[in-house]
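Have the structure open while you read.

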Amino acid sequence: MRNYPYPQRIVCLAAEAPEILAHLGALERVVAVSSHARRPESVRTLPKVGGFATADVEKVMQHRPDLVITTSDIQADIAAGLIRHGAPVLALNPHRLSDIWQNILLIGGALGLQAEAQQLVTQLKSELDALRVDAAVRPRVYFEEWYDPLISGIGWVDDLIHLVGGQSIFPELAEKGLARQRIISAEAVAAARPDVIIASWCGKKANLESIRTRSGWEMLPAVQQQRVYEIPSELILQTGPSLVEGTRLLKQMIDAARES
């Protein structure tokens, strides 16, 4: 019988979870992380149990977790394996910005830190609201989450693009939670003629030159006007507090297109 009411040995397969826990004052409970966990910097020295889609269930169980935090449908099989091994799993699966706030509250509730989680959500909402742009002119934005095949950004990225005064060229894909549902063609991007291209390849540095030189893209406004950018994936595709930093970069890129 445990003599404490809340988890004290947490393995974070969701790369953003350690940063959330740090803001809740519970980082000391983290005993192992995904190899993609980068923030706060101190987690980089913690034991690693595999990549985003390749976490090793046996390695996770060696750390005797009383909670494992996973994220997205991509980690569904890993979560199932952990459950079969008897590990308690909090499986998150955010699609829109509102889901991110709910996930922080879920984590706070699981750790007995409800008040701290609500305070963090309020703070992050306020910081994002300060970046809001209600603009009549909205530059057209292509956000690239992956390059082979081309995958457009997930729903919360569309939410953030709109928040800072841009317009996604594929708004109809915002509700598509699965990456395979957001596969698009290079021809579709070219036909939409984006004013801004932003790459954020999951866990990999984007090759902007390869984007600029894609067949048929040389005449796109974004390419001709040198508005092809990168936002590191940990700042925009991981749903922790660093999302605010990524949104500031997003705003700068969209502002530059609107003001030129």
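A residue counts as buried under 20% relative accessible area, exposed over 50% and partly exposed in between (1.4 Å probe, protein chains only). You're looking at a predicted model: local features need pLDDT of at least 70, side-chain atom pairs count only at pLDDT 80 or more, and totals for chains, interfaces and linings use all residues. Numbering starts from 1 along each chain as its sequence is written, and side-chain values use heavy atoms, with hydrogens and water left out.

**Helix α5**
- Helix α5 covers residues 114-129, and its 16 residues reach 22 Å from first C-alpha to last, close to the expected 22 Å (1.5 Å times one less than the number of residues).
- Its buried residues are A117, L120, V121, L124 and L128.
- These sit on the same side of α5, because they cover an arc of only 100° around the axis (taken from the directions from the helix axis to the C-beta atoms).
- Among what covers the buried residues are α1, α4, α6 and α10 (contact means heavy atoms within 4.5 Å).

**Aromatic pairs**
- Rings of Phe, Tyr and Trp (its six-membered ring) pair if their centres lie within 6.5 Å; planes under 30 degrees apart are stacked, over 60 edge-to-face, the rest tilted.
- That rule gives five aromatic pairs.
- Y142 and W217 have ring centres 5.9 Å apart and planes at 85°, so they're edge-to-face.
- Y142 lies in strand β5 and W217 in the loop between α8 and α9, 75 residues apart (helices are DSSP runs of H or I, at least four residues; strands are runs of E, at least two; both are numbered from the N terminus).
- Both Y142 and W217 are buried.
- Ring pairs link Y142, F170 and W217 into a cluster.
- W146 is partly exposed, with a relative accessible area of 24%.
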